[in-house]
Amino acid sequence: MYVRTLDLAKEYHVECYLWLPVFSETGILKPVFPVKNRNGRSEKKYHLQEGENFEFYCPSDTENLEKFIQIYEEYYKDLPFQGVFLDKIRYGSFANGIESICTCFCDKCRDTYIKNQINVKELAEEISRLIDGDIEYKRSPFTVKSYKNGGYEFQRSIWKDFFHIKQIIVKDAVTRLADYFHKMGLKVGLDVFAPFLAYFVGQEIKGLSKSADFIKPMMYRITQAPGGLPFETDCMLRETAGENIKLSRKAFREILGCRSWTDTGFDVEFVKKELEYLCGFGAPVYCGIEVNRIDSVAASAPEYIRENIKILGETGIEGFVLSWNLLSAPKENIQTVFEEDSRYNNMIL
């Protein structure tokens, strides 16, 4: 299948990138080491549909990186791709539950925390306060005070230290992999969350961009599944601030400076601002937008696609990635992309 696809793309002078999940799904092919919660247990995985796996493996474990490289060399190395597109370069998100966000506590990660002056016992106790529903955490997720340009300030400073270390662990792992692929003459694209969500899953996008030939932020404004802006944000609020989503949404909107998010779409102006921030790092930005249609998950329509291309295209991005399953895109959605392509010529499928 890969060979035939590459032969066809070559006829049209189209670059091809090999999609590879890094810290998830590799366990299907090789024995790997999952992230551990503060009690030493592996974390649950989120199930969306058959064929997708949201079980996450520890980014600090060098054996996990070695197994990933082994998979590439055994199955894909001899195929003439022009680049690789690295997906799931993160920890589990709020879709996997609050315990997944508060990982990892394997021996390697504990040692890393200690080396960076994080008191592991104090961190575990703080996580317990969060999960047990301490009143301070019901007011604001992780005691967040403010948000600006992909970063948060907290009442409890231990959270800033914790998330910062997770970001360093992911960046170091991705840098190693990017160096490996660049030495082989391949370009490297990176799949990342929107900055306000990326912070919590170990993605410091400014640092990651230094290793990338392009980045693709998942700006899925209507997706009710992992990576979707309304889905991930509501998961965060349910997991941290309780079940009163309306009140939680209002408070967190004020922190973000976001007008609204509903089941029909996340604030396009807020997303535009997030993209403008990402365009300052040097790596070209290709914004991921939904063109597929899956009822109750991503009900994209021509009007929605047109709005995304028109408004988000006003930023400094290089183009769009038409996500996330082209085979599920109805004809009218594809036609809309063709119509808009006359004014915006960089589309990635």
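**Asn 308 and its setting in the chain**

Asn 308 sits in helix H13, which covers residues 302-312; helices here are DSSP runs of H or I with at least four residues, strands are runs of E with at least two, and both are numbered from the N terminus. The model is predicted, so local features need pLDDT of at least 70 and side-chain atom pairs count only at pLDDT 80 or more, whereas totals for chains, interfaces and linings use all residues. Residues are numbered from 1 along each chain as its sequence is written, and side-chain values use heavy atoms, with hydrogens and water left out.

**Around Asn 308**

- Asn 308 counts as buried because its relative accessibility is 0%, where buried means under 20% relative accessible area with a 1.4 Å probe and protein chains only.
- Setting aside residues up to four places away in sequence, Asn 308 touches Arg 221, Ile 289, Glu 290, Gly 313 and Phe 320, a contact being heavy atoms within 4.5 Å.
- With one of these residues, Arg 221, Asn 308 also makes a side-chain to side-chain polar contact at 2.8 Å (a pair of N or O atoms within 3.5 Å, one able to donate a hydrogen and the other to accept it).

**The whole chain**

- The protein chain contains 14 helices and 13 strands.
- Its radius of gyration is 20 Å, close to the 20 Å that the globule rule gives for 349 residues, so the chain is as compact as a globular protein of that length; the radius is taken over C-alpha atoms, and the rule is 2.2 Å times the number of residues to the power 0.38.
- Of the 349 residues in the protein chain, 56% are buried.

Notes:
Buried means under 20% relative accessible area, exposed over 50%, partly exposed in between (1.4 Å probe, protein chains only).
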